[in-house]
Amino acid sequence: MSERADCALRAAEAGAAVASGSFREGIAVETKGQKTDVVTQADHDAQAQVVSTVRDHYLDDPIVGEEDEELGAVPDEGPAWVVDPIDGTNNFVRGIRTWATSVAATIDGEPHAGATVCPGLEDTYLLDSGTAHRNGEELSVSDRTDPEEFVVVPTVWWEFDRREEFATACAGIVERFGDMRRFGSAQLELALCAAGAVDGVITNVHVMPWDSLVGVGLIEAAGGVVTDIDGEPWRHDSRGLVASNGEAHDAVLAAAQEAEGVR
């Protein structure tokens, strides 16, 4: 394992352990502006633990975190770390096990290594040196080619004034593909695409880097394709995120673009 992948794994495990200590313990919940954008003390405590673990090994690297962040964006040059202490906080506060702690190591703005730890599912995803693993087993995207057999996920969230786009994205999925899922944790949804459990993940909105970088790296390492809403290679500052196993990416992209049409 590379040094940065090892650090990302240690940091994600440490943060997940802190968050797990408050899971289903009646922790107080606050909102960050929108009614569905929630945060808890566990988010802050888990991020502090992740940052402390990274700083033990990389004292001067910039760190971008969802909570209490000092750096507002992923640097396009040099190394950095991107942290989501609890991806799926809405699940966390409801006692639903599909949440994760995710830590990405980036180089020049691209995911170089990273880990997504899902304590409630007992799954750990690791990105390292162009390979993707879950619990030590190398991952590969699905080999399905028939869109009518695909399972596709509408990921992240559309605010209340953009719910028509969400409805249109869902309609685009159910009209084209075999089934739809929504897990409430973008990093988990992307990891499941890398593992071949789902065949596509879509949104036409901007996805924050802490919600996406490790997952995008996992999919690409596992043989999949990730683009923006225009079909161009995805970056951390792209608008939209469309991921697939690569076998029918145009169909997956079309479903996301239908949502774009009602903006």
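Okay, let's start with α4: the cover over its buried residues includes β10 (151-154), β11 (179-180), β12 (200-203) and α7. Before I go on, keep in mind that this is a predicted model.

So which residues of α4 are buried? They are E165, F166, T168, A169, C170, G172 and I173.

Now, α7. The axes of α4 (residues 163-176) and α7 (residues 249-260) come within 7 Å, crossing at roughly 150°. Angles over 145 degrees count as roughly antiparallel, so that is what we call α4 relative to α7. The crossing of these two is right-handed. Who makes the contact? On the α4 side we have E165, T168, A169, G172, I173 and R176, and on the α7 side A251, A254, A255, E258 and A259. Sorted by class, that contact of α4 with α7 comes to 6 nonpolar, 2 polar and 3 charged residues.

Next up is the other helix pair. α1 covers residues 3-20, so to speak: 18 residues, reaching 26 Å from first C-alpha to last, close to the 26 Å expected at 1.5 Å a residue. Its buried residues are R4, A5, C7, A8, L9, A11, A12, A14, G15, A16 and A19. What do they pack against? The list is α2 (41-57), β4 (79-87), α3 (89-93), β5 (100-107), β6 (110-118) and β7 (123-128).

Let me stay on α2 for a moment. Its axis and that of α1 are 8 Å apart, and the packing angle is about 155°. That makes α1 roughly antiparallel to α2. The crossing is right-handed here. From α1, the contact uses C7, R10, A11, A14, G15, V18 and A19, and from α2, D45, A46, Q49, V50, T53, V54 and H57. By class, the contact of α1 with α2 divides into 8 nonpolar, 4 polar and 2 charged residues.

You'll find D143 in the loop between β9 (137-138) and β10. Is D143 buried or exposed? Exposed, because its relative accessible area is 66%, and the cut-off for exposed is over 50%. If you want to relate D143 to A17, the two are 126 residues apart in sequence and 35 Å apart in space, C-alpha to C-alpha.

Definitions and conventions: Residues numbered from 1 in each chain as written. Predicted model: local features only at pLDDT ≥ 70, side-chain atom pairs only at ≥ 80, totals over all residues. Heavy atoms only, no water. Helix = DSSP H or I, 4+ residues; strand = E, 2+ residues; numbered from the N terminus. Expected span 1.5 Å × (residues − 1). Buried < 20%, exposed > 50% of the residue type's maximum accessible area, 1.4 Å probe, protein only. Contact = heavy atoms within 4.5 Å. Axes fitted to C-alpha atoms, helices over the stretch in contact; angles between N-to-C directions. Parallel < 35°, antiparallel > 145°, perpendicular 65-115°, else oblique. Left-handed = near helix turned anticlockwise from the far one by under 90°. Nonpolar A, V, L, I, M, F, W, Y, C, P; charged D, E, K, R; others polar.
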